[in-house]
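Try each task before you read its solution.

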Amino acid sequence: MQMKGLFCLLIGRRGGGAAAAGMGPGGACWSWRGGGAGARRWLSSRSPAPRVCVVGSGPAGFYTAQHLLKHHDLVQVDIYEKLPVPFGLVRFGVAPDHPEVKNVTKTFGQTARSERCKYYGNITVGRDVTVAELRQAYHAVVLSYGAEDNRTLGIPGENLPGVYSARAFVGWYNGLPENRDLKPDLSCETALILGHGNVALDIARILLSPLDLLRKTDITECSLAALACSKVKRVWLAGRRGPLQVAFTIKELREMINLPGTQPVLNPADFTGLENAVKDIPRPRKRLTELMIKTALQKPGEMAAQAAAPRQWGLKFQRSPQEVLPTADGTRARGVRMALTRLEGSGESAKAIPTGDVEELECGLVLSSIGYRSLPLDPAVPFDSQRGIIPNSMGRVQGAPGLYCSGWVKRGPTGVIITTMNDSFDTAQSVLEDLRGGVLDVSVSREGFGAVGSILSSRGVRPVSFSDWEKIDAAEVARGKAAGKPREKIVDPQEMLQLIGH
C-alpha cells in the first residue's frame, strides 16, 4: 500500500470507534480510526498541518473557520481583523433592538477559543501586511472582509448636508469607529429613506422608536442622546418598484406596524388588484403582501392607539430619486425630486421605467439605503468593480490557486446571516476539497503567524488577541450594566487599545 505523502480527510466526530496504526514506506507513521457512520481517516505524519488564514472576522470569516475546524482534524486557522474588536456586521450592522440575532457571537467565541484557531485584531490587510505575504505564510488564504462601502445614488445634490448613507447611519448608532463622529442633523420633522430593504426598516424603526425601548439596547450613548433631541416624527420609505418587489421581510414589517406611538400610512390605491395577483406567488411573498394590504385598508377607528399616535411612517412605491433639492441658500437638503415610474414585466424581475412625471417630496433628512458595496483589498487580488465582488468559482478566486473568498465579497451584499453561513460553508468545503485532492501542497510546512508576526513587528503593528477582546468585552458589559443596558460600546479604537495596555 502506497502511503507516502498521503493526506486524507475525515468528516465526522472525533474519537470513538476502532483505531489502528502502523508504518508506511520510508517510516511514515499512519493511523486509521473508524468513526460514526463508517467514516475513516488516513493521516501521514509527514504532512504538516495545513495553515489557513481568514481575512475578516464577521459572519463570513467565522463560519468559514468553523467549518474548516469542524471537518478537518489538523487544520490551523488564523483570523485577521482590521479593528481591535471582532464580529463585523453582527456587532456593527444588526439593529440594537434585535439582540437575539447577536447570540451567534457565542458560537463565534467558541470557534475563536479553539486550540487550532487564533484571532489577530488591529491588522489592516493590504496595508500592514500584503495578501502576497499572507499567501507565502499560509497554505490557503480566504478573503471574507465584507462590504466596506455603500452604493451611491449618482444624482445631483447627494453630497448636500442632511444626506447620509444607510451604512454610515447604521454604523453611527451601532458604534462603528469610522462613523462615531457622524452627528446627523435630526432637527427636521420629515425623513426620507430611499430603499425598501430590511436596513431601511431598521433605520425607520430606530428614528421613531420610543426612547424607553432604545435605552434597554446596546445603542451607543451619543446616538441615544441625539435621538432624544430628534424632531423627526414622520418617515417615508420610497422605492423604485411596487409592493410585490419590496426586499424587506415580514418580521421587520410587523415590527414596524406594531411600533408603539407610531401610525402606518399606506395608500390603499397602491394595492389595487393585488389580492388576485398574490394567489400564485410563493408563500413568504404572499404573506408579506397580504400584511401590507391589510394595513393599508385598516380604518382609522380600528386601531385607536395608532390613530392618536404622535409619529407616522409610510411606504411610497414607484418613485425613483432624480435630485436632492437644496435650501434657498444652498446649505443643506430640503427635499427630493422623484421620477414616477411604471413597471415593465412582473415579479422579482420587473423593471422600473420613468413615466416622465415628477413630484417633489419635502424632507430635511435623506438616507440612502440602496445597498452596500465591497472594495478591492490589495492590487494583487482580482476584483470586478462593476459587480463589486472578487471573481470566483465556488469561492476559489479566479487565476489565483490557494486564494479563496466567502460572504459578501464573494457573492455581493445580499441575504441574511444564514445566507452567509451557507455561502461560507461552501467556500470552506472548496478549501477542504483542494486539500484532499492535492491542489494545495501541504508537503511543505508554512509558518503562518510566525512569519506574519515578524513582518508586523518590523512595521510597528501590534495585534490584538481574542483574550484582549474579552477584556474589552468585559469593560463594555460593566459600563452597560451601570446604565441598565446589555453593554456600552467603546467607539474609539485608541481607547480600546489603552484598555488592554497597548
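**Exercise 1.** Find how many aromatic pairs the whole structure holds, then classify the pair Y120 and F449.

*Solution.* A search of the whole structure gives 16 aromatic pairs. Rings of Phe, Tyr and Trp (its six-membered ring) pair if their centres lie within 6.5 Å; planes under 30 degrees apart are stacked, over 60 edge-to-face, the rest tilted. Next, place the residues: Y120 is in strand β6 (residues 117–120) and F449 in helix α15 (residues 449–458), so the pair ties together parts 329 residues apart in sequence. Helices (H or I, at least four residues) and strands (E, at least two) are DSSP runs, numbered from the N terminus.

The model is predicted: local features need pLDDT of at least 70, side-chain atom pairs count only at pLDDT 80 or more, and totals for chains, interfaces and linings use all residues. Residues are numbered from 1 along each chain as its sequence is written, and side-chain values use heavy atoms, without hydrogens and water.

**Exercise 2.** Decide whether Y120 and F449 are buried or exposed.

*Solution.* Buried means under 20% relative accessible area, exposed over 50%, partly exposed in between (1.4 Å probe, protein chains only). Y120 has 14% relative accessibility, so Y120 is buried. F449 has 19%, so F449 is buried.

**Exercise 3.** Classify the pair F169 and Y173.

*Solution.* The centres are 5.8 Å apart, with 85 degrees between the planes: edge-to-face. Both residues lie in helix α5 (residues 166–174), four residues apart, about one turn of the helix.
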